[in-house]
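Hi,

Here is the structure for you to look over. My notes on the helices follow below.

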Amino acid sequence: AKGEVMNAMYYNVPQSRERVIIVGVRNDLGIEPSHPKPQTKPMTVRQAFAGITGSGDCPGMSAQYKQYWQEAGPGGSVGKQKSHKRLLWDRPSFVLQKAAGYGGVYHPSEPRPLSTIERKRLGSFPDDFRFTGWNAAIERIGNSVPPNLMLAIATHIREKLLA
């Protein structure tokens with residue numbers, strides 16, 4: 001088995017999200033485990049949000065969180081552990097955590113959290129992928145390995161290791 005740190009932003013995911021991926025191959029097959037090489041340049045939040053209008057299903061923010069958003073400034077972070085982050089339009093997203101309040105990522109130019117469609121885009125989920133609600137989307141996307149990263153890994157395994 002061979003482990004490697006892979007960043008999703010190089011696999012058509014508009015989010016800088018590092019994950020350790022371990023690829024194992026049975027010894028009797030005589031194949032050296034490998035990982036896919038980076039495939040794309042990083043995609044920006046602006047590119048990911050293309051065509052999205054309005055704030056969708058995101059709830060309003062309390063005065064405290066609006067203050068966090070203001071204090072953070074573009075690309076900045078605030079809060080007890082610098083866990084409240086405001087996105088930059090022209091960079092990939094920060095890692096989407098599994099909780100919106102503690103470790104939240106916020107819209108780059110509007111004082112609000114991200115909508116489900118915005119989170120789906122940043123996580124590389126299809127627009128028509130359905131979650132059971134806003135909170136479920138936050139948790140599932142935050143816990144996930146982005147689908148486009150998994151597709152790159154699965155394709156590599158099929159084409160290079162199982163061929």
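Start with the exposed side of helix α2: Ala 63 and Gln 70 are exposed there. Keep in mind that this is a predicted model.

Helix α2 covers residues 63-72, and its buried residues are Tyr 68, Trp 69 and Ala 72. They span an arc of only 100° around the axis, so they sit on the same side of α2. An α-helix has 3.6 residues a turn, so residues three or four places apart point the same way.

What do the buried residues of α2 pack against? Three strands: β3 (77-78), β4 (84-86) and β5 (105-106).

Look at the residue that follows α2, too. That is Gly 73, and its phi is positive, near 70°.

Next, the helix pair. Two packed helices are described by the angle between their axes and the distance between the axes. For α3 (residues 116-123) and α4 (residues 134-143), the angle is about 15° and the axes lie 10 Å apart. Angles under 35 degrees count as roughly parallel, so α3 is roughly parallel to α4. The crossing of α3 past α4 is left-handed.

Which residues meet in this pair? From α3 come Thr 116, Arg 119, Lys 120 and Gly 123. From α4 come Trp 134, Ala 137, Ile 138 and Ile 141. By class, the contact of α3 with α4 has four nonpolar, two polar and two charged residues.

Best wishes

Note on methods. Residues numbered from 1 in each chain as written. Predicted model: local features only at pLDDT ≥ 70, side-chain atom pairs only at ≥ 80, totals over all residues. Heavy atoms only, no water. Axes fitted to C-alpha atoms, helices over the stretch in contact; angles between N-to-C directions. Helix = DSSP H or I, 4+ residues; strand = E, 2+ residues; numbered from the N terminus. Parallel < 35°, antiparallel > 145°, perpendicular 65-115°, else oblique. Left-handed = near helix turned anticlockwise from the far one by under 90°. Contact = heavy atoms within 4.5 Å. Nonpolar A, V, L, I, M, F, W, Y, C, P; charged D, E, K, R; others polar. Buried < 20%, exposed > 50% of the residue type's maximum accessible area, 1.4 Å probe, protein only. Arc of directions from axis to C-beta.
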